[in-house]
Amino acid sequence: MGMITNVTSFGRSGLSDWILQRATAVVMTVYTVFITVYLLTNPDMDYGQWLALNSHISMKVLNVLTVVSIAIHAWIGLWAVLTDYVTVRLLGPKATPLRIFFQLGMITINLVYLIWALDIVWGI
Amino acid sequence: MLKVSVYRYNPETDEAPYMQDYEIDTAGKDLMVLDVLELLKAQDASLSYRRSCREGVCGSDGMNINGKNGLACIKPLSECVKGGKLILRPLPGLPVIRDLVIDMSQFYAQYEKIQPYLVNNEPAPAIERLQSPEEREKLDGLYECILCACCSTACPSFWWNPDKFIGPAGLLQAYRFLVDSRDTDTENRLAKLDDPFSVFRCHGIQNCVAVCPKGLNPTKAIGHIRNMLLRSAT
Amino acid sequence: MSNSIRTISFDGLIVGGGGAGMRAALQLAQSGYKTAVITKVFPTRSHTVSAQGGITCAIASDDPNDDWRWHMYDTVKGSDYIGDQDAIEYMCSVGPEAVFELEHMGLPFSRTEEGRIYQRPFGGQSKNFGEGGQASRTCAAADRTGHALLHTLYQNNIKNNTVFFNEWFAVDLVKNADNAVVGVIAINIETGETVYVKSKATVIATGGAGRIYASTTNAHINTGDGIGMALRAGFPVQDIEMWQFHPTGIAGAGTLVTEGCRGEGGYLVNKDGERFMERYAPNAKDLAGRDVVARSMVLEILDGRGCGPNGDYVYLKLDHLGEEVLESRLPGICELSRTFAHVDPVTDPIPVVPTCHYMMGGIPTNVDGQALTLDAEGNHDVIEGLFACGEAACVSVHGANRLGGNSLLDLVVFGRASGLFIEKSLREGIDLQEPTEEHINIAMSGLNRINNSTNDGEGSAELRAELQDIMQKYFGVFRRGDLMQEGIKKLAALRPRIENVRLDDKSNAYNTARIEALELQNLLEVAEATAITAEERKESRGAHARDDYADRDDVNWLCHSMYFPTDKSVGKRDVNFSPKTMEAFAPKARVY
């Protein structure tokens, strides 16, 4: 069982997961704060202005970083949630295949969203 | 009269656990919860619970008192009774053997996992190993743990993964040996803690701090362990 | 029933998971012999955990010139001269090595600026054989020394793979045809299974029996199980009349307040605010022997100078020490006082009263922990297979009164010594006869009686309370012949009722009612032995203070008492006055 959890976990150790969780949280916070402030200071923004903002190379980099951060953060977070609640201890032997199913599903959805979002933000 | 509601379960006679109600005359005194249990036991000898020192140092009588984990022997009724009722349940999250007695083997297994003993591979001197008062002070707030399990059984991460997450009590002792100036096994100790479960299932909600009957702070110790792991990785 | 019970075999079996038991177990486990500890509570719940002040030992930290012989002198004097001087010599001289071992194992002692172990003054301590003033000889880990010691020992037993039978209750000793001890009958409390645990060496390390008294600093578990087992097996106990009443139990609650409080500068006052110990012990004052302080307190109370609405306690004053000293040196005391006396010692004095604390007597042993009896000619006879150490044993280093801090030293030194001796014996080969089924049946009979009890008996709780009240009333700090005789009669009347104790609940899983019924049998054995021997010793010595024989009688009673359970008779045994490396200390008047 340890092997399975390790295969689907993101990092190599508890520490790397923990650092990544915090680092990605910082990126997401920076993005959130920036966008909030930008939207509040530009109440009459139109589509053209929004497009211009997101076409700027610094904004593109921030967008990519944020999308990647969300993916990593979600991966680690959901893996933790699944290994808390979908366990043999709580649900019996059926928990292992069930958790693998959910984890692979989570990973697939995560990757699809990641590629799709990268395509959008980088392709502007 | 005090109304007392106690969790009862005898695996030989009961199909399922149930709450049994008693009435106790406390004679207006602010008794400790353990005193109430002793009165109940005189009335109904079949009630089982653990107790030993009755002064809060042996850690036998950890239980869930009106919803909060604590030691029965040092919990006065005035601090826990709500609406004239005392509700006693076993510590949550571990299997119940009978009534208020839980099976603590998983809790002890986690304690043993952290190598809870001093390791020093240098030959011992003819007298004691020297340690400055400042170095010794670092052990304060750590060595006083009485292994009552109030903290670990108040911790959701321990409820979900009692076999993989060391839990607050074990981690407090892990740090006690990591920070002891006489211990030479720091690197090895840290290496054994660096998996996704042992330490990092702590999400810092501090239930352990809220219930510790000795006023210790496992969350803080866990933070120190994370910092040590961080420092050793860089 | 016996042919169905399982047998488990070990080289060494220790009954009791407190300090003495775990120190003995550690020694044996380190030697590689198959060692088991049977303990009725998880080891760190044993009563050693409650020891506060420290472990007295001449490690020469506070005073670089300290000498173990000075410690020996204090201990001999403290014992009122019925401590065995060879044993005291062994304890005091080996002590430093044993304490340093504990430190090497990780015990978190408090420290001096030089980085050495912190030592505090305790009662009855002197330098230069009583001539050099107060010594500071008690090694401390704040006021949680017992806790630190017990956890350290448990941790090192884990390290050395000792087999623990946690929450197993030893019921009775199994003897073979040669009257040698070959193990015990034990119950697994969790499952109720009864097992014969066979061993080449059985060590009784079951601690004290303070629960024979109504008011005690002792834990609920201190029911003298090992003493009860030995007495039922027909073996004698020594100096069992000697019970220490600790001067400072919190009034009402009975919880202990360490002598270290007075060591750090606290003192007792009566209702007039007078520091009355200056009258009773002009030199040592509040740090006189515990028996002396306890008696002085009772006299103050009897003379109408007690404090509180009923004048039934005195105050321990600590506030003058300042918050900083109290919080750093006596943090546990502050906590206990706030919880149990509703008093903050930083500002107010703690109400205290002498409270039963320690059993100086026990199973007589030599310095190797071998249990002894006397043969028909009064010569020492080793009981094959049986050992004892710690409070359950009477080796005897405490004699008629134990000095503070000497109990932890006793259990470490003699736990270790027992382990060393058993290791040596095992290497040389121990050959004991197998017990027959009949022998096992005999050991099972007490348990069978409880299990087959009928409904006409009384419950454990009420019988226990009655026993404790008798002991408290007739065998307390001050004793008198006629009252003791009355107490003995009451105990005799209580015996059949206790033997017929009712056990309604005969279920197996964690049945604490069964355990309490068995513990009650042990309490009765200890209480009766105490009562009969106390009445017999017609003098006042150490903790044994009689109104009708107010003086020490060295002509008739400079000796150990031996209580023989089979005919309930009291014999005498010589005190050892032959230390190996020095002249013995001759008895003299004991003043502080």
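## How to read the model

Residues are numbered from 1 along each chain as its sequence is written, and chains are lettered from A and ligands from 1 in the order in which they are written. Because this is a predicted model, local features need pLDDT of at least 70 and side-chain atom pairs count only at pLDDT 80 or more, while totals for chains, interfaces and linings use all residues; side-chain values use heavy atoms, with hydrogens and water left out.

## Chain C as a whole

Let's begin with the overall build. Chain C has 16 helices and 22 strands (DSSP runs numbered from the N terminus, helices being H or I with at least four residues and strands E with at least two). Its radius of gyration is 23 Å, close to the 25 Å from the globule rule for 592 residues, so chain C is as compact as a globular protein of that length. That radius is taken over C-alpha atoms, and the rule is 2.2 Å times the number of residues to the power 0.38.

Along its principal axes, the C-alpha trace of chain C spans about 65 × 50 × 50 Å. Of the 592 residues in chain C, 69% are buried (under 20% relative accessible area, with exposed meaning over 50% and partly exposed in between; 1.4 Å probe, protein chains only).

## An open sheet in chain C

In chain C, 4 strands make an open, antiparallel sheet in the order 11-14-13-12 (two strands pair if DSSP finds at least two bridges between them). Strand 11 (243-250) and strand 12 (267-269) of chain C are at the edges with a single partner strand each, so one side of each has no neighbour in the sheet. From one strand to the next, the twist averages 50 degrees (axes are lines fitted to C-alpha atoms, for helices over the stretch in contact, and angles between N-to-C directions run from 0 to 180 degrees).

Strand 13 (residues 314-317) and strand 14 (residues 350-359) of chain C run antiparallel and are joined by 3 bridges. Here Y315(C) stands opposite P351(C) of strand 14. In the loop between strand 11 and helix 6 (260-263) of chain C you will find T258(C), which counts as buried at 2% relative accessibility. T258(C) is 17 residues from E241(C) in sequence and 24 Å from it in space, C-alpha to C-alpha.

## Salt bridges

Side chains of opposite charge can pair when their charged atoms come close. Over all chains, the structure holds 64 salt bridges (a side-chain nitrogen of Lys or Arg within 4 Å of a carboxyl oxygen of Asp or Glu). In one of them, the side chains of D44(B) and R8(B) meet at 3.1 Å, N to O. D44(B) lies in the loop between helix 1 (33-43) and strand 3 (62-65) of chain B and R8(B) in strand 1 (residues 2-8), so the pair ties together parts 36 residues apart in sequence. Both D44(B) and R8(B) are buried.

In chain C, K568(C) forms a salt bridge with E528(C), with 2.9 Å between the closest N and O atoms. K568(C) sits in the loop between strand 21 (559-564) and strand 22 (569-574), and E528(C) in helix 15 (residues 512-536), 40 residues apart. K568(C) is partly exposed, at 35% relative accessible area, whereas E528(C) is buried, at 8%.
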